[in-house]
Amino acid sequence: MSEAEEVTVRDAISAPDAQGEPRRTTRRFPLFTRDTARPEGGGRAAPGDAPAPARQWPILTVLSTVALGLLLTALDVFRVGTILIGVALLAGAVMRWTLPSVGMLAVRSRFTDMVTYSVLGVAIVVLALMAQPQPWLEIPFLDDTLHFTVR
């Protein structure tokens with residue numbers, strides 16, 4: 001195609017393809033997703049010239065705390081270890097809310113990440129507090145519900 005000729009397209013087009021020609025598109029959703037939007041806050045948490053661990057410090061903080069909680073759980077300090085795991089997820093939710101860029105801690109939208117980390121963190125902490133024997137937290141209606149359903 002010479003430069004003098006002009007391309008006339010009457011239906012929807014998108015960006016040019018690899019050869020520079022306009023590509024025809026449809027308004028239907030694709031059967032297979034070829035690309036995904038980058039989550040907001042998914043940029044580096046430190047400048048690009050910083051070493052890799054410094055660029056991803058939010059996710060490394062959460063994962064290190066979870067690893068410490070798992071180690072404590074393996075060393076037979078079950079309740080403290082699982083509470084630490086829940087607190088790590090809650091800290092991830094707080095970082096996702098407050099920091100503009102959190103690196104790989106950003107998986108979905110900010111709202112979805114915060115809700116997911118918060119719900120899982122609270123659930124793990126509450127279950128750790130209710131674990132037998134000698135629970136640190138007792139919720140009476142749950143005990144009554146269990147006795148009512150088992151009988």
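Q: What kind of model is it?
A: It is a predicted model.

Q: How many helices and strands does the protein have?
A: The protein has five helices and two strands. Along the sequence they follow the pattern β-β-α-α-α-α-α.

Q: What share of the residues is buried?
A: Of the 151 residues in the protein, 24% are buried.

Q: Let's take α4. Which of its residues are buried?
A: The buried residues of α4 are R110, D113, M114, Y117, G121, V125 and A128. Seen down the axis of α4, they fall within an arc of 95 degrees, so they line one face of the helix.

Q: Why would residues spaced like that point the same way?
A: An α-helix has 3.6 residues a turn, so residues three or four places apart point the same way.

Q: What do the buried residues of α4 pack against?
A: They pack against α3 (78-98).

Q: Which exposed residues are on the face turned away?
A: F111, V119 and L127.

Q: How far does α4 reach?
A: α4 has 21 residues and spans 30 Å from its first C-alpha to its last, close to the 30 Å expected at 1.5 Å a residue.

Q: Switching to the surface: which residues make the nonpolar patch of about 580 Å²?
A: L68, L71, L75, V77, V80 and W136 make that patch.

Q: Where is W136 found, then? Is W136 buried or exposed?
A: W136 is in the loop between α4 (110-130) and α5 (140-150). W136 is exposed, with a relative accessible area of 56%.

Methods. Residues numbered from 1 in each chain as written. Predicted model: local features only at pLDDT ≥ 70, side-chain atom pairs only at ≥ 80, totals over all residues. Heavy atoms only, no water. Helix = DSSP H or I, 4+ residues; strand = E, 2+ residues; numbered from the N terminus. Buried < 20%, exposed > 50% of the residue type's maximum accessible area, 1.4 Å probe, protein only. Patch = residues over 30% accessible without salt bridge, like charges linked within 9 Å, V, L, I, M, F, W, Y side chains within 5 Å. Areas by Shrake-Rupley, 256 points an atom, 1.4 Å probe, with all protein chains shown as cover. Salt bridge = Lys/Arg side-chain N within 4 Å of Asp/Glu carboxyl O. Expected span 1.5 Å × (residues − 1). Arc of directions from axis to C-beta. Contact = heavy atoms within 4.5 Å.
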